[in-house]
Amino acid sequence: QIGNINLHINNSTNAQYFGGVVGENTTNGTIENATNGGNVVADGVDYVGGIVGKNSGKLNGEVSNKGSVTGGNNVGGVAGFNEGSLASGSVITNEGNVKATNGGAGGIFGENTADGNNVTLINKGSVTGSKTDDAHGTGGVIGVNSGNFIHSSLINKVNAQVSGQNNVGGLIGFNKGNIIGGRENTNNEDAGKYINQIYNNGTIVGNSNVGGLFGQNSGKVVAGYNTGAINATGANIGGIAGSNAGTLDQVFNTVMTKDGQNQYIKGNKNVGGITGNNSGTISNAYNTTAVKGTNIVGNIVGVNTGNVTNVFDVVSTENNLVASNAGKGTVSKTFSLHEEGNIFKHTVVSANNKNNKDTYAPALSDENTWKYYDGFQTPLLKVFLTSAKYDGTVPDFTYNGKEQGLDANKVNANDGLSAYHNN
């Protein structure tokens, strides 16, 4: 553990690989159970990390950074650039503020090309990027990612604001890898709860290609959600991905803020509750949040040239489900509360029937995907749900004119009610 030591390098346009513990960890090296508590300041340096500038070796165990990290481009709370292995069972966290003064940044990795299996990446600090182009990105967890993650969790917490210019995401600025969340443990058995968690709770601020989880996505993503507010000024803004050229399956967007204010997705052009610009595939998805913009604004998709199926938004009446199909995409098995013209032939749902199971049959009838509380709730994605059990004696609820209820201390769930307390 390194603490109370601040590292500083003068502005240099040629320097690379600067870290709070080590500048470069080579192929045969291992960083295990390391913590940095000091600040790392390396203005103008590329590949700067709270633990290591460039990692080609192994990260193992509990690896964490608590100090602020500042660099030029590809700046990470833990590593500026990671191409090394991530040991199974490792928990890698950042609590410090991360800032790139001349490019992209990530709460954990500025750039990552390595795969992860049974690892947890958690960011709790603010992440700020600048001057990014299509080759760079700023994300709450990773700036640019081409690695695949299975049986793993990528999490950006509620106070971890992510801000940048282009390619800004609550989890990843520019994602090219496969990110598979869900309920399966490493033995591919149902764990009875959502254990491989892919979510963002932090506020996202940027210009173009800005999303709750991904600024741009060209990989396959399964079982992720966003609750962070999005405020952008440019084009291609979405609750899950600003632009999607890959696959988004079993995802939802429901923005919630601490004070209940600014609970929306806001952009200028091509703005959507799930994605602003879709040339890929979106399936089994929903949005419950207001979507605001100036031009081409949809409650699910702004502009679509890809495939959209099994989706709904039965909350907002301000926009159509898909704002523009550009004459190329396919839209099917979709449900909306309001459709001006309804050129895509969505099923228009009345406010009185939006909680009824029959409303969505047969399109959303897969019991392995969707869960209904018929008459009380719009459809929910089953992958995120955990059964709760009441262990006490059920009282007699005969009306007595007084407030009655169950003993909350007797309610238990397989996840310890962590979903209820999630922030």
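These questions and answers walk through a predicted model.

Q: Is asparagine 82 buried or exposed?
A: Asparagine 82 sits in strand β13 (residues 79-82). Its relative accessible area is 0%. Buried means under 20%. So asparagine 82 is buried.

Q: With which side chain does the side chain of asparagine 82 make a polar contact?
A: The side chain of asparagine 82 reaches the backbone nitrogen of glycine 84 at 3.4 Å. Beyond four places in sequence, asparagine 82 touches residues including Leu59, Phe109 and Glu111. The side-chain partner lies at 2.7 Å and is asparagine 55.

Q: Which residues touch the most other members of the largest nonpolar core?
A: This core holds 63 residues. Strand β34 (residues 220-226) gives the largest share, four residues. Apart from this core lies another, of 13 residues, among them Val210 and Ile265. In the largest core, the residues with the most contacts to other members are Ile92, Phe109 and Leu121.

Q: Which residues does leucine 121 touch, not counting residues up to four places away in sequence?
A: Leucine 121 is one of the residues that touch the most other members of the largest nonpolar core. The contacts of leucine 121 are Ile92, Ile108, Phe109, Val141, Ile142, Phe149, Ser153, Leu154 and Ile155.

Q: How far apart are the closest N and O atoms of arginine 183 and aspartate 190?
A: Side chains of opposite charge can pair when their charged atoms come close. The count here comes to one salt bridge. Arginine 183 forms a salt bridge with aspartate 190, and the closest N and O atoms are apart by 3.4 Å.

Q: How far apart in space are glycine 181 and serine 324, C-alpha to C-alpha?
A: Glycine 181 lies in the loop between β29 (179-180) and β30 (198-200). Its relative accessible area is 11%, so glycine 181 is buried. Its contacts beyond four places in sequence are Asn196, Ile198, Val222 and Ala223. Serine 324 is 143 residues away in sequence, and the C-alpha distance is 30 Å.

Q: Which peptide bond is cis, with omega about -5°?
A: Proline 362 takes part in this bond. Proline 362 is found in the loop between β49 (347-348) and β50 (370-371). The cis bond joins alanine 361 and proline 362.

Q: What is phi of asparagine 209?
A: Asparagine 209 is in strand β32 (residues 208-211). At 10% relative accessibility, asparagine 209 counts as buried. Its phi is positive, though the residue is not glycine, and is near 55°.

Q: What is the relative accessibility of isoleucine 296?
A: Isoleucine 296 lies in strand β44 (residues 295-298). Its phi is positive, about 60°, although it is not a glycine. Isoleucine 296 counts as partly exposed, at 24%.

Q: How many aromatic pairs does a search of the whole structure find?
A: Ring pairs link residues including Tyr194, Tyr225, Trp370 and Phe384 into a cluster. The search of the whole structure finds 15.

Q: What is the angle between the planes of tyrosine 194 and tyrosine 225?
A: The two rings are 6.3 Å apart, centre to centre, and the pair is tilted. Tyrosine 194 is in the loop between β29 and β30, tyrosine 225 in strand β34, 31 residues apart. Tyrosine 194 is buried at 7%, and tyrosine 225 is buried at 10%. The angle between the planes is 45°.

Q: Why does the pair of tyrosine 286 and phenylalanine 312 tie together separate parts of the sequence, and how many residues apart are they?
A: The pair is stacked, 5.0 Å centre to centre with 10° between the planes. Both tyrosine 286 and phenylalanine 312 are buried. Tyrosine 286 lies in strand β42 (residues 281-287) and phenylalanine 312 in strand β46 (residues 307-313), so the pair ties together parts whose separation in sequence is 26 residues.

Definitions and conventions
Residues numbered from 1 in each chain as written. Predicted model: local features only at pLDDT ≥ 70, side-chain atom pairs only at ≥ 80, totals over all residues. Heavy atoms only, no water. Helix = DSSP H or I, 4+ residues; strand = E, 2+ residues; numbered from the N terminus. Buried < 20%, exposed > 50% of the residue type's maximum accessible area, 1.4 Å probe, protein only. Polar contact = N/O pair within 3.5 Å; in protein donor to acceptor, adjacent residues only side chain to side chain. Contact = heavy atoms within 4.5 Å. Core = buried A, V, L, I, M, F, W, Y, C linked by side-chain atoms within 4.5 Å. Salt bridge = Lys/Arg side-chain N within 4 Å of Asp/Glu carboxyl O. Phe/Tyr/Trp six-rings, centres within 6.5 Å; stacked < 30°, edge-to-face > 60°.
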